Amino acid sequence: NKEISILLSTSGSTGSSKFVMLTLKNLKMNTIQISKYLKLNTKDRTITTLPFSYSYGLSILNTHLFNGSALVVTKKSIIQKSFWEILLKNKVNCLYGVPFIFEVLKKFLKKNYFDNFKFLANAGGKINTNTAKEFVKVGLKKNYIFYNMYGQTEASPRMAYINLTK
């Protein structure tokens, strides 16, 4: 009885990119655990901000499909007005990004884009402390959670989080 495995490439943040072999069992357990702590369900909707070839992007795809959540797929960038039109039209309530994305998103905090959000989640690198604090502060007012997650491809990619609102 052979275990099925897949190869995922690392981001190469500590040097050159490498490949990591993960079993489907690893990915499934990681998907289940992330789904639990984010409390994902069929009412949740996210929009693509990361490629699926990136382990964090693949993890987002896995968790949302596993829970019957909607996934709005677009090639638009967060800096394009049409991205925000698509986000609002599709009632996106979960948004994921890497530190660079959240640096850009700071410019949108004063707008009403996040008013009906369940959460925003950072992973893929260390976020600037002041940026994280800004999202937590606004999240407390607008009633969304800002998750700061840590992961590595070798661990099936997201493995820890901090709920900064508690």
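Colleague: Is Phe114 buried or exposed?

Modeller: Buried means under 20% relative accessible area, exposed over 50%, partly exposed in between (1.4 Å probe, protein chains only). Phe114 has 0% relative accessibility, so Phe114 counts as buried. This is a predicted model, in which local features need pLDDT of at least 70 and side-chain atom pairs count only at pLDDT 80 or more, while totals for chains, interfaces and linings use all residues. Residues are numbered from 1 along each chain as its sequence is written, and side-chain values use heavy atoms, with hydrogens and water left out.

Colleague: Why is the pair of Phe114 and Tyr144 edge-to-face?

Modeller: Rings of Phe, Tyr and Trp (its six-membered ring) pair if their centres lie within 6.5 Å; planes under 30 degrees apart count as stacked, over 60 as edge-to-face and the rest as tilted. Here the centres of Phe114 and Tyr144 are 6.3 Å apart and the planes stand at 65 degrees, so the pair is edge-to-face. The two residues are 30 apart in the chain, Phe114 in the loop between H4 and S6 and Tyr144 in the loop between H5 and S7. Helices (H or I, at least four residues) and strands (E, at least two) are DSSP runs, numbered from the N terminus. Tyr144 is also buried, at 2% relative accessible area. Ring pairs join both into a cluster whose members include Phe83, Trp84 and Phe108.

Colleague: Which residues of strand S6 are buried on each side?

Modeller: In a regular strand the side chains alternate between the two faces of the sheet. In S6 (residues 119-122), Phe119 and Ala121 are buried on one side, and Leu120 and Asn122 on the other.
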